[in-house]
Amino acid sequence: VKVAGKGHHRFFQPELFETIRNRRELEQSLVTALELDQFLVVYQPRVDAMSGQLCSMEALVRWQHPQHGMVPPLEFIPVAESSGLISQLGEVVIEKVCLQMARWQASGLEMVPVSINVSARQFGRGDVHQVLASALARHRIDARLIEVEITESAMMDEQNRAVEQLSAIRALGVRLLVDDFGTGYSSLSQLQKFAMDGLKIDRAFTMELGRSEQGEVFVRAILSMAHALGMSVVAEGVETREQLDILRALQCNEVQGYFISRPVPAEQMLGLMQQRFLI
Ligand code: C2E
Ligand code: CA
Ligand code: CA
Ligand code: CA
């Protein structure tokens with residue numbers, strides 16, 4: 001299978017879903033994509049809001065489709081979840097991230113933590129902590145260099161016994177972050193009960209900064225409560241200098257977004273790691 005050359009990733013074309021008309025067909029092509037290893041991981045830096053220093057990066061999956069180019073996750077993750085393929089896909093992502101980290105480490109770079117997204121359905125098989133433990137051991141990665149991002153609703157998922165698995169993941173030494181904070185209904189006290197290490201304020205709230213009074217009030221409230229509970233806060237989707245300046249004034253810990261960098265392939269991430277200060 002011929003894939004698009006490095007650095008020449010074509011954008012997703014809507015024809016994919018004209019061709020793949022129904023869910024079953026998309027499901028089948030996901031099975032094929034797993035067999036043919038068509039998934040890849042891109043990385044988006046997270047930086048210290050004050051110093052601009054790289055502190056971590058988020059791993060984001062892409063489907064490199066031979067005919068349709070780069071397919072974004074929102075186009076296939078929901079189908080992977082409903083078809084049960086998400087556990088296998090999640091395992092592929094974990095494996096690719098750990099392999100990449102081992103390569104970076106072998107090149108003598110000082111590693112920063114990498115965060116991996118885990119969705120509620122991934123807890124269905126009950127073995128996320130084992131998959132993580134195995135990949136960490138095989139690639140000799142320090143568990144403290146891995147973070148898991150999980151949404152509020154996934155944390156509360158009782159059917160999949162997410163709580164037990166989250167504590168097993170945490171017992172490995174992996175840090176836990178609440179993703180898309182503010183979009184669900186969890187209270188900060190619940191987050192503390194789950195021993196979450198930090199939270200990521202959803203892009204929807206970052207977008208409001210500088211635009212509306214409420215936006216700033218909301219972010220300020222999250223920050224003061226999170227800090228009182230000893231949690232670190234990341235603002236997602238920072239796209240402008242103005243948003244960054246407001247977040248700095250509010251003492252947000254870390255920022256992530258297009259203003260700093262888009263998600264980039266591993267080779268490009270290497271350059272950003274060497275650069276260290278990104279704003
Ligand atoms: P997310 O975890 O909330 O990830 C952040 C999304 O926002 C990413 O989209 C990222 O590219 C995008 N983003 C980052 N900065 C900006 C910005 O400044 N402006 C705008 N407009 N967007 C920004 P992406 O990569 O398309 O991922 C979408 C979602 O797919 C993720 O949302 C996550 O929920 C899911 N996802 C991605 N990779 C994985 C994975 O490996 N496993 C699972 N289970 N889900 C994944
Ligand atoms: Ca995330
Ligand atoms: Ca998010
Ligand atoms: Ca999201």
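**Close-up 1. Cysteine 98 and its distance to the closest cysteine sulfur.** In this predicted model, the sulfur of cysteine 98 lies 20 Å from the closest cysteine sulfur, that of cysteine 55, which is too far for a bond. A disulfide here means a pair of cysteine sulfur atoms within 2.5 Å. Cysteine 98 is buried, at 0% relative accessible area; buried means under 20%, exposed over 50% and partly exposed in between, with a 1.4 Å probe and protein chains only.

**Close-up 2. Cysteine 55 and cysteine 252.** Cysteine 55 is partly exposed, at 21% relative accessibility. Searching the whole structure turns up zero disulfides.

**Close-up 3. The calcium ion (ligand 3) and its protein donors.** Donors are N, O and S atoms within 2.8 Å of the metal (3.2 Å for Na, K and Ca); water is not among the atoms, so sites may look incomplete. Along the sequence, the donor residues follow the spacing D-D-x55-E. Aspartate 179 also coordinates the calcium ion (ligand 2), 3.8 Å from ligand 3. Aspartate 179 counts as buried at 7% relative accessibility, whereas aspartate 180 is partly exposed at 25%.

**Notes for all views.** Residues are numbered from 1 along each chain as its sequence is written, while chains are lettered from A and ligands numbered from 1 in the order in which they are written. Local features need pLDDT of at least 70, side-chain atom pairs count only at pLDDT 80 or more, totals for chains, interfaces and linings use all residues, and side-chain values use heavy atoms, with hydrogens and water left out.
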